[in-house]
Amino acid sequence: MKTVLITGASGGIGQAAARLFAQNGYQVAAGYCHGADRAQALCAALRKEGFSAEPFYADVSSEVDVREMFRSIAQTFGGVDVLVNNAGIAGQKLFTDITDAEFEQMFAVNVGGVFHCCREAIPYMVRRQCGKIINISSVWGVSGASCEVHYSASKAAVIGLTKALAKELGPSKICVNCVAPGVIDTPMNACFDEQTMHTLTEDTPLMRLGTPEDVAQAIFFLASAAADFITGQVLCTDGGFIV
C-alpha cells in the first residue's frame, strides 16, 4: 500500500486531498502545524470509514521538525511514495508596508517548507526509482497579484523549484509537478470581503469559485499512473482565471 504525505492537511485543500487519497487506497500521513484538532478529527473520521490515516506535526519552515515528521512517518507507514507540499501562508499588504520579518517568514514557509520536505522524501524515492512530488503554488505565482508581492514571489519560486527539480529527478523516474489553484472557496480567502469575492468570481470564465475538491482532483491526477509521463508542469486549477 502506498503512502502519501499531505502537508497543511488541516486546511480545506489538504483535507479534500486526504479524503480522496484515502478513498483510493493510500495510507495518509496528514501533516499539520496549526489546526491540530482539525487534523486529528480528519484522521479519526477516515479511520472510522476503514481507511488508514494518522496526523503528524511539523512546522515545515523548520528543518528539525520536518526531519522528525519523516522519521515518525517511516516508523508508522514506511517511506513516502507521494509528497504533496500543500502547507503555506498568505498575506495581503502594500509592498512598502511589508516588513523584513514578514517577507522572510513567507519564504520560510512557502519555499523553505517545500525544500525541507522534498529533501527528506527524495532519498527513499531515488532508492525505489519511482515517486511523485506535487507542489502547490498559486495563480498569483504565475501572474502576480497587487498587494500580495511577497506571496506571489514565494509561489513563483515554488514553480521554479518544481521545474528544476523535475529535470534533476527525471533520470530516477520521479515526477515533480505543480498545481496552481485560482480563487478557491477556503478559509484562506476569508480575508476578502463579499464584493471582492464577487468580482473574483465574475473574473473567472467558469463563473464560480473553485472548491477544495477541484484542486484535490488535480493533485490526485498528477499522483496517479495516468500522469506517469508528465513532469515539470504547472496545472492551473483556476476556472480559466489567467488564460
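Visitor: How many residues does helix 7 have, and what span should they give?

Guide: Start with the rule. The expected span of a helix is 1.5 Å times one less than its number of residues. Helices (H or I, at least four residues) and strands (E, at least two) are DSSP runs, numbered from the N terminus. Helix 7 covers residues 149-169, 21 residues, so it should span 30 Å. Its end C-alpha atoms lie 30 Å apart, which agrees. This is a predicted model: local features need pLDDT of at least 70, side-chain atom pairs count only at pLDDT 80 or more, and totals for chains, interfaces and linings use all residues. Residues are numbered from 1 along each chain as its sequence is written, and side-chain values use heavy atoms, with hydrogens and water left out.

Visitor: Which residues of helix 7 are buried?

Guide: Take the cut-offs before the list. Buried means under 20% relative accessible area, exposed over 50%, partly exposed in between (1.4 Å probe, protein chains only). In helix 7 the buried residues include His150, Tyr151, Lys155, Val158, Ile159, Leu165 and Leu169.

Visitor: What do the buried residues of helix 7 pack against?

Guide: Packing is read from contacts, meaning heavy atoms within 4.5 Å. The partners are helix 4 (100-110), helix 5 (112-128), strand 5 (131-136), helix 6 (139-143), strand 6 (174-181) and strand 7 (234-237).

Visitor: Is helix 1 mostly covered or mostly open?

Guide: Mostly covered: 9 of its 12 residues are buried. Among them are Ile13, Gln15, Leu20 and Phe21. The cover includes strand 1 (3-6), strand 2 (27-32), helix 2 (36-48), strand 4, strand 6 and helix 9. Helix 1 reaches 17 Å from first C-alpha to last, close to the 16 Å expected. Just after helix 1, glycine 25 takes a positive phi of about 90°.

Visitor: Which elements do the buried residues of helix 9 pack against?

Guide: Helix 1 (12-23), strand 4 (82-85), strand 5, strand 6 and strand 7. Val215, Ile219, Phe220 and Leu222 are among the buried residues of helix 9. The 12 residues of helix 9 (212-223) should span 16 Å, and the end C-alpha atoms are 17 Å apart, which agrees.

Visitor: Is valine 82 buried or exposed?

Guide: Buried, with a relative accessible area of 2%. Valine 82 lies in strand 4. Not counting residues up to four places away in sequence, valine 82 touches Thr3, Val4, Leu5, Phe21, Tyr26, Met125, Lys132, Ile134 and Ala223. Valine 82 and isoleucine 134 are 52 residues apart in sequence and 7.8 Å apart in space, C-alpha to C-alpha.

Visitor: What is the radius of gyration of the chain?

Guide: The radius of gyration is taken over C-alpha atoms, and the globule rule is 2.2 Å times the number of residues to the power 0.38. With 243 residues, a compact globule would have a value near 18 Å; the chain has 17 Å, which agrees. The C-alpha atoms fill a box of roughly 45 × 40 × 35 Å along the principal axes. Of the 243 residues, 50% count as buried. The chain contains 9 helices and 7 strands.
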